[in-house]
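Hello,

Here is the structure I promised to hand over. Please open it first, then read the notes below.

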Amino acid sequence: MNTASTPPELLEEQRGAVLWLTINREERRNAISAGVMQGLSAAMTRANQDRAIRAIVITGAGDRAFC
């Protein structure tokens, strides 16, 4: 049984008025999965309700591919 936790497929970080969303599937060249889509949708819904967030940046982990 594998007890190691799986890293999240989408990382969120707020830097000032900017919400950074990082697709965290580097081994899959940051391909968009159902989990990533759910995370993106939920994060954008929250950002839309937060007047402090003025922009969203979507990026991918690593340097081989965006998605």
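Is R15 buried, partly exposed or exposed? R15 is partly exposed, at 43% relative accessibility. (Buried means under 20% relative accessible area, exposed over 50%, partly exposed in between, with a 1.4 Å probe and protein chains only.)

Some ground rules. This is a predicted model, in which local features need pLDDT of at least 70, side-chain atom pairs count only at pLDDT 80 or more, and totals for chains, interfaces and linings use all residues. Residues are numbered from 1 along each chain as its sequence is written, and side-chain values use heavy atoms, with hydrogens and water left out.

**Salt bridges**

The count is three. (The criterion is a side-chain nitrogen of Lys or Arg within 4 Å of a carboxyl oxygen of Asp or Glu.)

- R15 pairs with E13, with the closest N and O atoms 3.4 Å apart. E13 is partly exposed at 41%.
- R46 pairs with E12 at 2.5 Å between the closest N and O atoms. R46 sits in helix α1 and E12 in strand β1, so this pair ties together parts 34 residues apart in sequence. R46 is partly exposed at 41%, and E12 is partly exposed at 42%.
- E9 pairs with R25, the closest N and O atoms being 3.5 Å apart. E9 is in the segment before β1 and R25 in the loop between β2 and α1, so the pair ties together parts 16 residues apart in sequence. R25 counts as buried at 13%, whereas E9 is partly exposed at 29%.

Helices (H or I, at least four residues) and strands (E, at least two) are DSSP runs, numbered from the N terminus.

**Helix α1**

α1 has 16 residues and spans 23 Å from first C-alpha to last, close to the expected 22 Å. (Expected span: 1.5 Å times one less than the number of residues.) Its buried residues are V36, G39, L40, A43 and A47. They fall within an arc of 100° seen down the axis, so they line one face of the helix. (The arc uses directions from the helix axis to the C-beta atoms.) These buried residues pack against β1 (10-15), β2 (18-23) and β3 (55-60), with contact meaning heavy atoms within 4.5 Å. On the other side, A34, Q38, N48 and Q49 are exposed.

**Surface patch**

M44 belongs to α1 (residues 34-49) and is partly exposed at 37%. M44, I56, I58 and F66 form a nonpolar surface patch, with about 320 Å² of accessible area together. (Patch residues have over 30% relative accessible area and no salt bridge; nonpolar side chains, namely Val, Leu, Ile, Met, Phe, Trp and Tyr, are joined within 5 Å, and like charges within 9 Å. Areas come from the Shrake-Rupley method with a 1.4 Å probe; for residues, only the protein chains shown count as cover.)

Best regards
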